[in-house]
Amino acid sequence: MKLKGIAALIALASVDAAALEGVVVNAAGEAIAGAEVTSYKNKTTVTTGTNGEFYFQGEPGELHFDAAGFSHKIVHTDDRVTQNGRVTVTLAPTVIEQVDVVGLPIHASTIESAIPVAVLTGDSLREQQAATLGDTLVRQPGVNSNFHGNVASTPIIRGLSGPRVLITQNNLDVSDVSRVGPDHAVSTEVSTVQQVEILRGPATLFYGSGAIGGVVNIVDQRVPTDSETRGEFYVGHESVNDQKAASFSGLTGGDSWAIYGDGFWREADDYETPEPAEEGSDSTTVANSSEESSGYTLGGSYLLDNGYIGLSVGRLDREYGIPGHSHGEEGGEEESVLAELEQDRYQLQSEFEIASSWLRSIRTSAAYTDYTHAEIEAGTVGTTFSNETTEVRMDLMHQTWHDWQGGINLHYKNSEVAALGEEAFTPPSESETFAIALMEERHFGDFLVQLGARAEQVTITADSVLLPTIEAHLHDGTEDDAHDHDHAGEASVTRVFDVEHEFTPVSLSAGVVWDFAPGYNLGVSLSRAQRAPSAAELLSFGPHIGTRTYEIGALFLEDLSGDEAEFALSNADIQLETSNNIDLTFRKFEGDLGIVLNLFYNQVDDYYYQRATGLYTEFSHDHEHDHDHADGDEEEHADELPIYIGAHADADFYGFEAQGILKLSQAWQASVFSDYVRAKLADGGDLPRTPPKRFGFDIDYQTGPWSANVNWTYYAEQDKVAALETSTDGYDLLAASVTYRLPFAGNALALFAKVENITDAEARVHTSFIKDVAPLPGRNFRLGLRGSF
């Protein structure tokens with residue numbers, strides 16, 4: 001229950017009940033109005049009035065204080081020095097935005113968690129939003145993008161992506177197929193969301209084994225939790241691809257009901273590059289990089305004194321080209337391949353406070369998602385991907401027990417994923433997960449201890465696992481190479497198997513946050529996380545055009561004993577991927593200087609990856625392949641796909657993320673960031689597509705209705721590469737923006753202009769599978785209007 005103002009609480013107070021009143025002030029002793037004071041003992045939040053005062057009926061226990069521009073503070077009321085039940089709380093200013101994290105089951109802000117968390121929200125989110133999720137987050141420390149030609153990109157966290165980084169919408173899986181291939185877009189839209197949360201490092205405790213590398217949680221208001229009327233809108237245009245976009249979101253309601261709606265539309269042509277996009281070509285346009293997208297969400301909630309229950313329905317339609325995936329035609333012309341994406345999502349959320357001696361609240365989230373995406377070739381459907389997912393989460397939070405706060409999480413998810421067509425490299429499969437987790441935390445003076453454990457049962461079944469016979473061969477550079485195999489790569493015999501694998505991943509986590517001095521803390525997090533390999537990692541056997549490889553899953557093994565390579569079903573046990581992690585975090589979060597430094601080490605047993613076999617096979621579909629080979633090798637094997645097979649071996653990941661913010665004056669602020677990850681196999685050898693070292697710098701100016709930003713990011717050369725992978729040159733990106741808030745409607749309207757890649761630099765993203773045919777866009781001018789109410 002959230003009550004605004006003091007008068008309503010005083011009216012409810014009993015003269016016989018214990019009470020606490022107080023005032024919130026700044027360092028100069030001036031009252032802070034609008035500060036939120038929360039008691040997690042009885043789930044009550046009050047807001048300070050103009051005189052900074054607040055009042056609680058009864059004994060509120062531990063209190064959390066939150067005010068814009070000030071550092072969060074926790075006060076233990078049993079330790080307070082007070083006269084007649086009155087307390088004065090002083091908040092210190094901060095340059096680090098401290099946002100509450102929705103994706104954690106127990107309350108925490110970005111500076112109160114033992115695991116490294118970042119949140120992109122407000123103006124920062126709007127200024128960085130892009131057409132894809134990965135490109136929106138690309139300047140966040142520790143986060144990169146597997147850029148796929150401006151139409152698809154997923155986040156890479158500390159060098160990990162795909163099935164190891166979970167993307168969620170309001171804590172539930174987005175349930176698309178973006179984790180299967182880089183050419184598959186994430187089925188979310190950033191322009192209508194409230195905030196994006198990044199949990200760096202294993203988040204398996206909260207989300208399951210599919211989050212062993214981290215989580216990106218997209219938070220919106222599609223299921224309203226209050227009825228305060230508010231909304232925002234956006235219209236904009238970009239020059240590099242003639243993009244036109246518009247979006248809106250709004251919420252309103254009454255005493256016991258609330259409704260929400262949002263919608264967006266975006267259309268763009270192929271984008272321009274500074275130099276010819278592809279070697280040997282004169283074109284500075286990346287072919288097949290256009291898109292048209294639209295979607296809407298409608299939601300409503302019934303609000304009660306002790307909680308809410310609500311339901312939403314969302315629809316997403318998107319048609320986009322797939323760069324690097326064009327098909328040859330007679331006469332030398334190329335036929336583009338388009339993806340038509342459709343998703344329907346139904347989501348239920350509820351939270352109720354319980355009048356029980358042991359149970360404090362019950363939170364429930366459930367979603368049903370029906371996703372399909374068809375690849376259209378020459379006007380006909382070539383391959384269709386689908387994902388039908390049902391997911392339910394329930395948090396049972398107990399009453400404070402000996403100062404411990406926490407609860408039990410119950411989680412169920414069922415996903416039926418299928419790919420049908422010529423380029424369906426993985427068979428239809430069903431994955432089912434049951435899980436139970438325990439999460440607890442307690443303050444011991446200046447120490448916050450966070451503990452957790454999770455056990456899962458994961459079952460993967462498939463009744464049509466294919467083992468085709470293919471012609472695979474090495475290349476020795478001679479002219480009588482296997483190019484004369486007319487039907488190489490086509491199955492002459494295909495065997496079909498039924499498979500069922502059951503896994504029991506267990507994850508454990510312990511963390512401590514030490515407030516060793518006012519405005520400083522140290523965080524240490526230790527975890528042991530396990531992951532069941534995904535169906536695609538196990539069962540794949542076929543051409544994966546998104547990665548331009550012939551992909552064979554870990555369920556199979558290669559036999560090189562004969563004249564030609566053969567593949568067979570493996571009898572070896574499938575191992576769980578086990579990650580042992582340590583995170584060290586230092587934060588300075590008060591005053592004119594803010595610093596956040598994260599150091600991490602991640603040792604992984606049985607890390608699953610695609611190993612280059614050195615074999616090739618021809619693919620009969622007349623694709624234009626631009627493999628990531630050495631230059632001479634690329635032309636020689638242009639009709640073929642390199643064969644990669646699923647393998648597992650021990651691996652090490654370590655590195656850092658650093659961020660500093662300095663308030664230079666009332667109008668000027670500067671910030672810097674840097675990150676680095678080293679990813680290698682324990683027995684030697686580098687893992688592919690590891691992000692390079694980065695360094696970035698921002699300078700911000702704000703006075704009156706004007707604000708401006710200039711930012712620069714340096715990407716170092718990446719020459720630590722895996723077999724068949726080429727190195728990537730370093731590059732610099734420079735951007736600038738200016739915003740003017742119009743002097744009416746309470747400055748709620750803002751005109752902005754932004755220019756990206758000011759120097760028109762040629763930049764190829766090392767983590768991209770198609771870096772050789774799709775560099776980053778050239779100089780781009782963006783104009784728009786934002787508004788809120």
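**Cavities and a nonpolar patch**

At least two residues each of the lining of the largest cavity come from α4 (204–207), β27 (429–444), β28 (447–468), β30 (506–517), β31 and β36. The model is predicted: local features need pLDDT of at least 70, side-chain atom pairs count only at pLDDT 80 or more, and totals for chains, interfaces and linings use all residues. Residues are numbered from 1 along each chain as its sequence is written, and side-chain values use heavy atoms, without hydrogens and water.

A cavity is a set of points, on a 1 Å grid over the protein atoms alone, where a 1.4 Å probe fits but cannot get out; lining residues have an atom within 4 Å of a point. Eleven cavities of 30 Å³ or more are counted. The largest has a volume of about 330 Å³. Among its 31 lining residues, Ile115, Leu205, Phe206, Gln450 and Ser509 lie nearest its centre. Strand β30 gives the largest share of this lining, five residues. By class, the lining has 15 nonpolar, eleven polar and five charged residues.

The second largest cavity holds about 210 Å³ of space. It is lined by 18 residues, with Glu189, Arg222, Thr297, Arg315 and Leu316 closest to its centre. Its lining comprises four nonpolar, eight polar and six charged residues.

Strand β37 provides the largest share, three residues. Leu526 lies in β31 and counts as partly exposed because its relative accessibility is 44%, between the limits of under 20% for buried and over 50% for exposed.

Notes
Helix = DSSP H or I, 4+ residues; strand = E, 2+ residues; numbered from the N terminus. Buried < 20%, exposed > 50% of the residue type's maximum accessible area, 1.4 Å probe, protein only. 1 Å grid on protein atoms, 1.4 Å probe; cavity = no way out; pocket = protein on both sides within 12 Å on 5 of 7 lines; lining within 4 Å. Points joined across faces, edges and corners; volume = space filled by probe spheres on them. Nonpolar A, V, L, I, M, F, W, Y, C, P; charged D, E, K, R; others polar.
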